[in-house]
Amino acid sequence: MNISKFLKQNQTDISLQNVVLSMVEGVKQVSEKIKSCDIKVTTKKNFSGDKQMALDLVSNDIFIDVFSKNEQIYAIASEEEEEKRELNNNGNYIIAFDPLDGSSLINTNLSIGSIFGVYQSKNFLGQQGKNQICAAYAVYGPRTTFFLSFGKGVYGFNLEQDDFILFYDNEKIEKKSKLFSPGNLRAVNENAKYKKLVDIWMQEEKTLRYSGGMVPDINAIFCKNNGIFSYPAFSKYPNGKLRILYECAPFAFLVEAAGGLALDQQGNRILDLEIKELHQRSTIFVGSEDEVRRGVEVL
Ligand code: FBP
């Protein structure tokens, strides 16, 4: 089944169907650009001081262009930009997105991705991730895939020629985990509890699956139906590195829709965290429920 047919069968709100089709159009264009685009670092830095790759900027422009053409989209907030942008006065939806997550992996040719969280609102500030009505992500790897949820169930599509075809049909994330994906492993030098947790995972002979990109690492959890991805605090990132609005909340929404769980290091549900600043960061433990609970307990 292709994505248009899937949306007709699974989403009664036609304007929300069109919002998803806009994302999909942007994903196709980014997927094409990756094959030929300049993979160098630009001389530009974003307002957080991160070096921007040419592909970060191209991907950002692609999504802004497709979202601007959709009258249903009132505003967007991009991880690459400091402020939100208002696009269409009459729109009912706002989209927070990371146009290209995993920039540091671009020149290594490892998988990278895009992440989206959609709210039916005019404001990002004051939101909680649980208010999202849809979240999605794309993986640009040997294949381009697109995973989507409206809150119940998660569905994955493969880009085949010019269309996205359903291949992951509402499978679940099991409570127990055989895989582990320990982000920010440097934190074991400062945090003996994180070291203890990683030691437990190794003693239990879990399988390490870590690429350095949140998108492919969490995607593996959906594709294998189990796993944990962690990104705890560290002196350089006292509140964690990953952004709530652009990274943590969309993945928390998707993972919980598949029966998993997402907590921060203090044990708060990521979907309950209030967005007070667009670029607010959080720690995250996400994936198989039992493993996430144990991770936070050990920390
Ligand atoms: P960017 O927003 O700069 O792309 O960083 C996000 C990210 O690449 C995540 O995908 C990944 O989990 C994390 O940073 C890895 O960061 P580090 O290697 O610094 O621990």
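How many residues does helix α3 have, and how far does the helix reach from its first C-alpha to its last?

A: Happy to. This is a predicted model, in which local features need pLDDT of at least 70 and side-chain atom pairs count only at pLDDT 80 or more, while totals for chains, interfaces and linings use all residues. Residues are numbered from 1 along each chain as its sequence is written, and side-chain values use heavy atoms, leaving out hydrogens and water.

Helix α3 covers residues 54-68, which makes 15 residues, and its end-to-end C-alpha distance is 21 Å, close to the 21 Å expected at 1.5 Å a residue. That expected span is 1.5 Å times one less than the number of residues. Helices here are DSSP runs of H or I with at least four residues, strands are runs of E with at least two, and both are numbered from the N terminus.

The buried residues of α3 include Ala 54, Leu 55, Asp 56, Ile 62, Phe 63 and Phe 67. Buried means under 20% relative accessible area, exposed over 50%, and partly exposed in between (1.4 Å probe, protein chains only).

Asp 56 leads us to Ile 106: the two are 50 residues apart in sequence, with their C-alpha atoms 9.5 Å apart in space. Ile 106 sits in the loop between β5 (93-101) and β6 (112-119). With a relative accessible area of 8%, Ile 106 is buried. Asn 109 belongs to the loop between β5 and β6 too, but Asn 109 is exposed, at 71%. Its phi is positive, near 65 degrees, in a residue other than glycine. Most residues other than glycine have a negative phi. Glu 205 also has a positive phi without being a glycine, at about 60 degrees. Glu 205 lies in the loop between α4 (192-203) and β12 (207-208), and is exposed at 70% relative accessible area.

Two other helices deserve a visit. In α6 (residues 244-257), 13 of the 14 residues are buried, so the helix is largely enclosed by the rest of the structure. Gly 259, with a positive phi near 95 degrees, follows α6. Helix α7 (residues 289-298) holds Glu 291, which counts as buried at 5% relative accessibility. The side chain of Glu 291 makes a polar contact of 2.7 Å with the side chain of Trp 201, and another of 3.4 Å with that of Lys 206. A polar contact is a pair of N or O atoms within 3.5 Å; within protein, one must be able to donate a hydrogen and the other to accept it, and residues adjacent in sequence count only if both atoms are side-chain atoms.

Finally, the ligand. It is surrounded by 13 residues, the closest being Asp 101, Gly 102, Met 214, Tyr 231 and Lys 241, where a residue counts if one of its heavy atoms lies within 4 Å. Ligand oxygen atoms lie 2.5 Å from a side-chain N or O atom of Asp 101, 2.7 Å from a polar backbone atom of Met 214 and 2.8 Å from a polar side-chain atom of Lys 241.
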